Each structure stands twice: as structure tokens, then as C-alpha cells.
Amino acid sequence: MRTAFKATKFPRRDLLKAGGALIIGFSWRGALFAQGQDAVGFIAGPDQPDPNRLDTWLAIHADNTATIFMGFVELGQGASTALLQLAAEELDLDMSQVKSVRVETHTAPNQGGTVAGSAVMRGGPRIRAAAAEARLALLALASKKLNVPVDHLAVSKGIVTVVDKPNRSVTYGELVGGKTLGVPFTGKAPLKRPSEYKIVGTRVPRNDIPDKVSGKYVYAQHVRAPGMLHGRIVRPRGQGAYGAGATVVDIDESSIRNIPGVRVIRKRDFVGVVASGEWEAIRAAQQLKVTWGTTASLPGNAGLYEKMRTETTTDTVALERGDVASVLGRAAHVVSKSYRCPYQSHAPFGPNCALADVQPDSALVVCSTQNIYLTRDKVGKVLGIPVDKIRIQYYEGSGTFGHSCHDDAAEAAAILSQAVGKPVRVQFMRWDEHGWDNYGPAHLAEVRAGIDVDGNHLRAEGSRDHDRGESYTTAAVYRDPLPLSNASLIHHCPKGRGEAAAETCGSFEAQLIWQADQIEIRTMNRDVLG
């Protein structure tokens, strides 16, 4: 599957022109697009739509449909459908009357990164508020046109009617189709009560699933551009941390002399190859001899947990309640266990990919990313081009848990394209990501717990003589593993390691299984365990 782009100039303000129809004719090489209801502050920056203008968030068209501009991306979680549900609900439109456009800089509001379910949690309130305010503005226009008070109007599927004279009506499209609303976004419009919902809370088909099931969906890996070259990055095999880096000592370009049409690109310690054919680029990346100056920064799997025990750590007392030492000394039974979890890769199902076309004064990058504006900032730094001249266009990539090499692929494609002056498509290889991608931290937990002769150690409110839970972890955000009268939780964090809340929770659950018969304990202490 291939997607090519027809050159066309199309700034954001022209989206509502052409007879009121929304024209999505994204250019490949043309002019760049000119273009507090959430839980975090809105992010301002150069060449971004003004979040305080209602037209930043939606547009009404002459055919009585609406386009919703989203700042969060579709990662397979269904957010692109859910956000349209919220908009349709507040606008009193049908789901068939709302749509969205591809998320990209210059046209999408900057709401930060799409992480941890934030698309609906943080993006939803903004979309709801904007849609409610648009409905209010449209009703005001309808009131003037129909010469009746707003409270005498009703709306259904974008058709505004006079309550006692249903033959008198006007559509949203007739009111403003092809024009901007031109009003500020205050966020003060009243929202619908849940009892008034007709769309939210109902089963609505995902808008992305049909094409995904049929194989028509265009992922970042499918995008092509006329005259593009193929690129691959070159890194040392094995595992390493980006912070430690790998320095280039020497490159032997004669090692790929037998592969015609290949060019080696080096920018400081970045090394890549570019070729007209993808197979030639793959061969060259594998065959190119590079002498690396590397410093071992990760211990590998051998002796991992022993090394973690011996490292200098930053200790944080997350929980200290009761007299743990005294209770353990008098407990009828004490169980001590160690729980281990290895490093876990955030690598996607399919390696990351990006396509870039960099010109002397502008750049277009097609990629999968969780934050288009942050990716734009990173690309701007490696290219030395002002960010308002860089356009990041989002295409969904392969699924992944946690952040992966989205930005790395985008930066690599941009560097290679800038060096050769042509569009370059970079496809990472498995070893590129497995060796150098983001990994969840390894985890070591040591848990001791005591019970009395009746097995009552799990009571939330019991004798201070027999409730006990203790954990030593490499990292955790889990603050109170069990509501015990006597408990201690200490975080031991070696430098550079992050959170491991899931592993901590699992350690305490596993401890319960070892402590006694799980069914009996849960029956005796159902108020604590739920």
C-alpha cells in the first residue's frame, strides 16, 4: 500500500473556503500549513492555533456537518471515536455528521502528549466545552434569524426548530457554513447533564476499525513520496542507554563499496546510510564497518539483581506506620520472599518508521508520535530550522506499550533528508529498537509479612501486634500496599531507574499467596482486599 501526496498550498484559514466544504488536500511539498478545560495547562508556542478561539476546535460546514480538531492522536485506543461522541453530543449532531482531520502541527491544538489514557481524560473536557459553546453561539444566530428567543428553540441533528412551530427551522450549515464562528472560547457554556445524553454512553462503531480490518488503513509504514530514498541507521549491536551514548571512532566506507548507489551520512555520532533501493540500504547498514567507542552502562541479565543490591541508592521512606520491628518479633509466622522482574522493552509490534522531506528553509515529517509538537521541537534542534517552519504530520504506527522510538525515527529521517536534499524514508530494524529503545526498569522487591495464630494479619483495624508488611524496591509509586496497622515501604532507587508500580503491587499480591491459603485469607479479610 502506498500513499503519495499531491502538491498543493492550503493554509488552515482556507479549510472553510471552497463553498463551505472542508477540503483535505494535504500537500507533500508545498507551503506549510498556516495554521482551561483540560486537566493540564494549554501549551502555547510558535505557529499554533489559538486555543482561546472557538474556531481552533471545530468548524461547521454548509452541508450541516462539523469537523473537530483534536490535539490527541489515535494510538489504537479508540480516542478518535470517543472524542467525536463528546462533540456530537454537545452539538446535537448525529455521529454521521461529525468527523476529524489528520493530526498535525499548524492545524491541531497543542494539548501535549497522548499518554496514559489522556486523550479522553484531558482532551474530552476541552472538546465538550468547545462543542457546547459552539451550540450556544449557533442558537444565538438562529434566534436572530428566526426572530424568536433562544429558549423557544430546539435542536436535533443540527436542525434548529421553533418549539411550537416545527415548520420554522434553520440548519447549522445555513447559519455559518463556509465561515468561521469568529467568537472566543470562554469555556463557560453550560454542558449537558448525563441524563440528557443520547450518544455518550451508547455503543458506537469505531471509525478506524473497518479500514484496519480490511487492510485499507494507512499506517506510517505505508507512506511513500515521489522520488524518495531509503535510509537505515547504523548503531552498535547489543544494549545500551541513550544517555551513555556510543561515539564513532572510525568509519570504513570501503566496506560497502560493493553496494552501488549507497551514501554514508554522519552527523557527529549519528551514522546512517541512504540508497535508492530499500534492500541496498539494509545491506549497507549491516555491512558498514564502524569502530565504536562505547562504555558499558547496563549490566545485562547476568548478575542483574545482585548488582542492583550492591548499587548506591537514593532511599525514600514512602510509608512508615506502627512498630514494624516489634510486631515481626512477636508474629506467630513470618514469611520472607524476594520478587524479581527483568527489564521489559517498550518496542512496538513493528519497528518504527518515518518519512521526511527537508528543504533549506522548511521541513515536512510524516511519523507516528505521541506528541506532534514535542517531536517538532526535537526535529527543529537536529536540523537547525525554526520550529514554525517544520510540519509534523501524524500517521498511526504499530502498537506499543509505553513510549518507543517514534521521535528517533523522525529525527533520523530528517537528518538524512537534510543531508541528501531529497525525501528519505527511514525504517528501523528490530535490533535498532531492541538494543536502544526505551525499557521498563528491572525490579527487585523483598517482602516480609507476619500473621498471628489465627491468620488475622490482614485486618485494616486490628491489633498492632500482628499486622505487618514490608517492601524494599528499586522504584515504586505504590504508596500503601495494604491498609495494615504496622507497615513499612522503602524505595531504593539506583540512579537512572524509573517507576515500577505494577511490579510492586504484584510483589505484595504474590506475598499473600505464599503467606497462607489465598482463598481463606480473602474470605477472612474481604473488607481489606475487596
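The legends below describe close-up views of a predicted model. Local features need pLDDT of at least 70, side-chain atom pairs count only at pLDDT 80 or more, and totals for chains, interfaces and linings use all residues. Residues are numbered from 1 along each chain as its sequence is written, and side-chain values use heavy atoms, with hydrogens and water left out.

**View 1. Seven strands form an open, mixed sheet.** The strand order is β9-β10-β7-β18-β15-β16-β17. Strands (E, at least two residues) and helices (H or I, at least four) are DSSP runs, numbered from the N terminus. Two strands pair if DSSP finds at least two bridges between them. β9 (263-267) and β17 (390-394) are the edge strands, each pairing on one side only. Neighbouring strands are turned by 25° against each other on average, direction ignored. Axes here are lines fitted to C-alpha atoms, for helices over the stretch in contact; angles run from 0 to 180 degrees between N-to-C directions.

**View 2. Strand β7 (229-233) and its two partners, β10 and β18.** Five of the five residues of β7 are buried, so the strand is largely enclosed by the rest of the structure. Buried means under 20% relative accessible area, exposed over 50%, partly exposed in between (1.4 Å probe, protein chains only). Leu-229, Gly-231 and Ile-233 point one way; His-230 and Arg-232 point the other. β7 pairs with β10 in the antiparallel sense over four bridges. Across that pairing, Ile-233 stands opposite Gly-272, and Arg-232 stands opposite Val-273. β7 and β18 run parallel, joined by three bridges. There, Gly-231 faces Val-426 of β18.

**View 3. Helix α6 (residues 278-287) and its buried residues.** These are Ala-281, Ile-282, Ala-284 and Ala-285. Seen down the helix axis, they fall within an arc of 165°, so they line one face of α6. The arc is that of the directions from the helix axis to the C-beta atoms. An α-helix has 3.6 residues a turn, so residues three or four places apart point the same way. What covers the buried residues includes β7 and β10 (270-275). α6 lies across β7, β10 and β18 (424-427), running at about 20° to β7. Contact means heavy atoms within 4.5 Å.

**View 4. Helix α10 (residues 406-420) packs on the seven-stranded sheet.** α10 touches β7, β9, β10, β15 (353-359), β16 (362-367) and β18. Its direction makes about 35° with that of β15.

**View 5. Helix α9 (residues 372-383) crosses α10.** Their axes come within 9 Å and cross at roughly 35°. The crossing is right-handed. A crossing is right-handed if the near helix is turned clockwise from the far one by less than a right angle, and left-handed if anticlockwise. α9 contributes Thr-375, Lys-378, Val-379, Val-382 and Leu-383 to the contact. α10 contributes Asp-407, Ala-410, Glu-411, Ala-414, Ile-415 and Gln-418. By class, the contact residues are six nonpolar, two polar and three charged. Ala, Val, Leu, Ile, Met, Phe, Trp, Tyr, Cys and Pro count as nonpolar, Asp, Glu, Lys and Arg as charged, and the others, Gly among them, as polar.

**View 6. Pro-236 sits in the loop between β7 and β8 (246-252).** At 13% relative accessibility, Pro-236 counts as buried. It touches Ala-246, Trp-292, Thr-294 and Trp-436, not counting residues up to four places away in sequence. The C-alpha atoms of Pro-236 and Gly-435 are separated by 8.6 Å, although the two residues are 199 apart along the chain.

**View 7. Three strands form an open antiparallel sheet, β4-β5-β6.** The edge strands are β4 (153-156) and β6 (165-171), each pairing on one side only. The twist averages 30° from one strand to the next. Four bridges join β5 (residues 159-162) to β6. Ile-159 has Thr-171 of β6 as its bridge partner. Helix α3 (residues 123-146) packs on this sheet, touching β4, β5 and β6, and its direction makes about 125° with that of β4.

**View 8. Asp-92 and His-106 have positive phi.** Most residues other than glycine have a negative phi, and most peptide bonds are trans. Asp-92 has a phi of about 60° and is found in the loop between α1 (79-91) and β3 (98-100). Asp-92 counts as buried at 11% relative accessibility. Phi of His-106 is near 80°. His-106 is found in the loop between β3 and α2 (118-121), and counts as buried at 0% relative accessibility.
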